[in-house]
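Subject: Structure handover

Hi,

Here is the structure we talked about. Please load it before reading on.

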Amino acid sequence: MNQNNNYSNTKATLAIAKASFRSIVRSPSSVVFTLLFPLIFILVFGFIGGSAVSVDVGVVKGSDTQNPVYQALAKSSVVHLINDQPIDQMNSDLAKGHIDAIINIKKNHDGWTLYPPLSVAKSKPAFTVDVQYTKASAEKDNILKSVLSTIFFRMNQLTSNESPVIAELKESTVSGREYKTIDFILPGQLGFSLLSTGVFGTAFVFLSLRITLVIKRFFATPVKRYSIVLGEALARITFALIGALFIILIGHFAFDFTLIHGVSTVLQMLVLSFVGVVIFMGFGFVVSGIAKNESSVPPIANIITLPQFLLSGTFFSISVFPTWLQPVCKALPLTYLNDAMRKIAFEGASLLDVGHQLLILLIWGIIVYSAAVKLFKWE
Amino acid sequence: MAKQPIITVNNLVKNYGDFNAVKDISFEVYEGEIFGLLGPNGAGKTTTLEIIETLRDKTSGQIIVDGFDVDKDPDSIKKRIGVQLQAAGYYPNLNLSELIELFSGLYGINKTPMEMLAKVALTDKAKAKYKELSGGQKQRFSIATTLINDPRIIFLDEPTTGLDPQARRNLWDLIREIRDSGTTVVITTHYMDEAEILCDRVAFVDGGRIIDIDTPDNFIDKLVASGFERKKEVKLANLEDVFINLTGKEWREG
């Protein structure tokens, strides 16, 4: 009758986290859903390769085609140019999302001088590129934006090279950026991995601990309830993040997944993964509270995961869905996680740049955890 | 030497809605004894135990465990007792050492797994999973987890249910050792031969009430004195004695 006065909740929490982590790593289903499935999908899509992602761009009749911008677009494997349609048809297709953008390139005759003046007087740009995007396929438009800015960056860099005023070349990491299938697929699979480990893993663990009276036995020890939840959460988050890192690294080294700012991009993706898995675990708590026994977990969990799996841009851009379905897609949390993940990985956005997506994820978090507090059962 | 009560239950009542599971029971458990709660299923044994173990709220009454009131200081009680639940499982995918490690963390106590497993003769199963154990081994392991915090009292809810005669005897020896080392044991069982051999005192519970409390010997003497006679003539041995005699007393693993 001794160490009774210095009981440590931290020690108890860590003991649970350690036990839970060991258990997760040894459970075949968590490894399969968190790592194996996403990797198989990445493998399959990685080998299909090619241009699974294609941005259809209508070219306005009369648009200048003898310029470097057009040439570069025509060479791009991602952008598919459509030349032979009347403007009315194109406008209507654009509104429906059948095509992703309309482009009109005009040559500015007075802006181009064969002999640039010695002075650095500002001249008008040589070309004006008019791009009309559509809300119906915002995601692909982001790809187009990215492709265009790469082209512009290269061109502007070339021109400024000729100017003696600039003494030093700016280092550029954007050059040669090409939107590959893996750049689309991997963030989606990462989202899928976080969703399954968060929802299924959490739901199964708490339900089975409740049914097999493991939690009741815990309650006969001095452990606090929050230690149990925190310990479990710690283990699951650690596992999910290790899984995410694994997927990112395999994607990068085996399939040349684009990580614009290298390590910093990876870290930001991991922060985003953390936000994602915490929210998805909230769904898991809700499911474990609703489910009566282990066999009722999968149906309930699928109601939550399947729509997100299909409609959140995991395998293909949400722009392929009809307009009436778009609002549903745009309500799901995974859509925003995927979106933010792609922006960070490929466009080099920072976490601040994806503030909008994070805000919506935060709102989802509040909703889900309010429900979890009401529905979660200990016994 | 006067017997010191380590558990005092006064006027305990537990209602589930309209159902009165426990109806105003009072009893004391003395320090250092093996105390048996006997009675048919649904008599209120498990409910009573779980209220004493701080796992369940009571409707009314007062309970003092080792000087602490269940209402005021459940945490101090949890630190002083060891609990084996009826049909409880263990954390999945972990081996016995890892489970002991987990419980040590939950109790905030440094115990090596081997030290605990040695107490119940399971050191050779340290790397085995709980579900791979035999019935007797499972119960011994459960008892090991109740001993981690060097408890003053342990509660065993039907620990021998479903065990073969050898495993049962093996567990009796273990429970006696625990009592002899100074830990009070509260046990429930459906086997009267077990209660007769093992328990220092027993309480008969039925319909949520305690009918009587005494030593097994006194109960039997009282019944015989009242003129009770068995229908069949009592032989000097019974069939279980035959079973043990034919199959040997040593306990087998597996």
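Below is what was found, taken chain by chain and then at the contact between the chains.

Keep in mind throughout that this is a predicted model.

**Chain A: overall**

Chain A has 379 residues, and 40% of them are buried. Its secondary structure comes to 13 helices and four strands. Take the contacts in chain A between residues at least 6 apart in sequence: 80% of these join residues at least 24 apart.

**Chain A: the sheet**

The four strands of chain A form an open sheet. The order is β2-β1-β3-β4, with mixed pairing. At the edges are β2(A), residues 79–82, and β4(A), residues 127–133, and each pairs on one side only. Direction ignored, neighbouring strands are turned by 30° against each other on average.

Two pairings are worth checking on screen. β1(A) and β3(A) are parallel, with three bridges. There, Val59(A) is opposite Ile103(A) of β3(A). β3(A), residues 101–107, runs antiparallel to β4(A), and this pairing has seven bridges. Two positions let you find it quickly. Ala101(A) faces Tyr133(A) of β4(A) as its opposite residue. Lys107(A) stands opposite Phe127(A), also in β4(A).

Two helices lie across this sheet. Helix α3(A), residues 68–75, lies across β2, β3 and β4 of chain A. It runs at about 115° to β2(A). Helix α4(A), residues 87–96, lies across β1 (55–59), β3 and β4 of chain A. Its angle to β1(A) is about 155°.

**Chain A: a helix pair**

Next, look at α6(A), residues 181–211, and α9(A), residues 263–290. Their axes are 7 Å apart and the packing angle is about 35°. The crossing is right-handed. On the α6(A) side, the contact includes Leu190(A), Gly191(A), Leu194(A), Gly198(A), Gly201(A) and Phe206(A). On the α9(A) side, it includes Gly276(A), Val277(A), Phe280(A), Gly284(A) and Val287(A). What is the make-up of the contact of α6(A) with α9(A), in nonpolar, polar and charged residues? It has 13 nonpolar residues, nine polar and no charged.

**Chain B: the sheet**

Chain B also has an open sheet of four strands, in the order β2-β1-β4-β5. The pairing here is antiparallel. β2(B), residues 19–30, and β5(B), residues 68–69, each have a single partner strand, so one side of each has no neighbour in the sheet. Inside the sheet, β1(B), residues 5–16, pairs with β4(B), residues 60–65, over five bridges. Helix α1(B), residues 45–52, lies across β1, β2 and β4 of chain B. It runs at about 120° to β1(B).

**Chain B: one residue in detail**

Val186(B) is in strand β8(B), residues 184–189. Is Val186(B) buried or exposed? It is buried, because 25 other C-beta atoms lie within 10 Å, and the cut-off for buried is 20 or more. Leave aside its neighbours within four places in sequence. Val186(B) is then in contact with Val29(B), Phe35(B), Leu37(B), Leu49(B), Ile153(B) and Phe155(B). Gly32(B) is 154 residues away along the chain, and the C-alpha atoms of Gly32(B) and Val186(B) are separated by 10 Å.

**Chain B: a helix pair**

α5(B), residues 135–147, and α6(B), residues 165–180, have axes that come within 9 Å and cross at roughly 15°. That makes the two helices roughly parallel. Their crossing is right-handed. Gly135(B), Gly136(B), Gln139(B), Arg140(B) and Ile143(B) from α5(B) meet Ala167(B), Asn170(B), Leu171(B) and Leu174(B) from α6(B). This contact divides into four nonpolar residues, four polar and one charged.

**Where the chains touch**

The contact between the chains takes 25 residues from chain A and 23 from chain B. On the chain B side, the elements giving two or more residues are α2(B), residues 74–80, and α3(B), residues 96–107. Which of them gives the most? That is α3(B), with six residues. The chain B side divides into 14 nonpolar residues, four polar and five charged.

Best wishes

Note on methods:
Residues are numbered from 1 along each chain as its sequence is written. Chains are lettered from A and ligands numbered from 1 in the order in which they are written. This is a predicted model: local features need pLDDT of at least 70, side-chain atom pairs count only at pLDDT 80 or more; totals for chains, interfaces and linings use all residues. Axes are lines fitted to C-alpha atoms, for helices over the stretch in contact, and angles run from 0 to 180 degrees between N-to-C directions. Angles under 35 degrees count as roughly parallel, over 145 as roughly antiparallel, 65 to 115 as roughly perpendicular and the rest as oblique. A crossing is left-handed if the near helix is turned anticlockwise from the far one by less than a right angle, and right-handed if clockwise. Two residues are in contact if their C-beta atoms, placed from the backbone, lie within 7 Å. Ala, Val, Leu, Ile, Met, Phe, Trp, Tyr, Cys and Pro count as nonpolar, Asp, Glu, Lys and Arg as charged, and the others, Gly among them, as polar. A residue is buried if 20 or more other C-beta atoms lie within 10 Å of its own, exposed if 12 or fewer, and partly exposed in between; C-beta atoms are placed from the backbone. Two strands pair if DSSP finds at least two bridges between them.
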